[in-house]
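The sequence and the structure come first.

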Amino acid sequence: MIFGAANLFSGPAGSAALRGWRAAVGVAVAVTVGCSGDEVGPTERLPAVATTTIVADLVREIGGPDVSVVSLMGPGIDPHLFKPSEGDIARMSRAAIVFYSGLHLEGKMTEVFERMRQLGRPTVPLAECVPVDKRLTAAGFSGVYDPHVWFDVGLWKHAASCVSEALSEHDPRHADAYRERGRRYLERLDALEAAVRRRIEQVPAQRRVLVTAHDAFAYFGRAYGIEVRGLLGVSTAAEAGAADVQELADFITERRIPAMFVESSVPERYVQALREAVESRGWQVSIGGTLFSDALGDPQTPAGSYIGTVRHNVETIVAALSEPSGAGHER
Ligand SMILES: [Zn+2]
């Protein structure tokens, strides 16, 4: 095991919600034994809540059929701006365990997480499973960590280990299954990471520059050797100032960057404004496609899973940056 999970939980292991759930499971078993079995008793699946689609995907992969996961956010929802409804808070209160991304990704939910901790709910912030010495500091904010750890596949493995340990601790009946699924998922992440490295190496070194709407890709850039520039900073909560647009437009023009990218969870208008500023400098930059940054794609599509999303992003980036010169060109 990479690290102990016990210190990651803010709530005591025997919280009221969990005791309630365990008691309910006990009742369900007793009822099944004593009757025909067609009663709809309390579910035996551990009820979990996840905040983002990325967190929910990881909990589903490792929880398998033993956990029912409710995701508060859907595809395309920006977690920096997401405000939970009363219904969301009720769902979290009823869950046996709450998983979230953390490091202030869910910037409007800080008080809600605090309330859950006060109620004794086990809450597990997955980005905080990444050791401190492997985290990046958010550009322009000393002492604040960049929350977008999942785009370094190696770092997301820490989150995966955390999920299997947390589920094992809170639902010991299925601990072996959680650990086995966790082990298999880590193998898939190893294969994914190797594939990402192979693909990025196919982009000529001087073209490995990623310009996006917001600074979600710093971990991706560090892990795979790509220079990254975002228009909005690590949170989308602040609007881009005119100075930010001009500075980034200068950078794209001077470096003759062929393509930049929009993000599924950030309005496209930010990148369009940047594109116009670049055009006014006599350079044309294309939109290389849409990247999934802080939310997965539609569940019915390949980008509906974390692994599928990483593959989609890498293929989109490699295709746009490998275009023969002229994709971006002087007018
Ligand atoms: Zn973000």
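Four strands form an open sheet in the order β2-β1-β3-β4, with parallel pairing. The model is a predicted one.

Strand β3 runs parallel to β4, and 3 bridges join the two. Val-98 has Thr-123 in β4 as its bridge partner.

Helix α2 packs on this sheet, where β1, β2 and β3 are touched by the helix. The direction of α2 makes about 175° with that of β2.

The residue ranges of the elements involved are as follows.

| Element | Residues |
|---|---|
| Strand β1 | 46-50 |
| Strand β3 | 97-100 |
| Helix α2 | 53-63 |
| Helix α5 | 153-170 |

Helix α2 also meets helix α5: their axes come within 10 Å and cross at roughly 55°. The two helices are therefore oblique to each other, and their crossing is right-handed. On the α2 side the contact involves Leu-58, Val-59, Ile-62 and Gly-63, which meet Ala-159, Ala-160, Val-163, Ser-164 and Leu-167 of α5. By class, the residues of this contact are 7 nonpolar and 2 polar, with no charged ones.

For the protein as a whole, there are 10 helices and 10 strands. Of the 331 residues, 44% are buried. Among contacts between residues at least 6 apart in sequence, 68% join residues at least 24 apart.

Key:
Residues are numbered from 1 along each chain as its sequence is written. This is a predicted model: local features need pLDDT of at least 70, side-chain atom pairs count only at pLDDT 80 or more; totals for chains, interfaces and linings use all residues. A residue is buried if 20 or more other C-beta atoms lie within 10 Å of its own, exposed if 12 or fewer, and partly exposed in between; C-beta atoms are placed from the backbone. Two residues are in contact if their C-beta atoms, placed from the backbone, lie within 7 Å. Two strands pair if DSSP finds at least two bridges between them. Axes are lines fitted to C-alpha atoms, for helices over the stretch in contact, and angles run from 0 to 180 degrees between N-to-C directions. Angles under 35 degrees count as roughly parallel, over 145 as roughly antiparallel, 65 to 115 as roughly perpendicular and the rest as oblique. A crossing is left-handed if the near helix is turned anticlockwise from the far one by less than a right angle, and right-handed if clockwise. Ala, Val, Leu, Ile, Met, Phe, Trp, Tyr, Cys and Pro count as nonpolar, Asp, Glu, Lys and Arg as charged, and the others, Gly among them, as polar.
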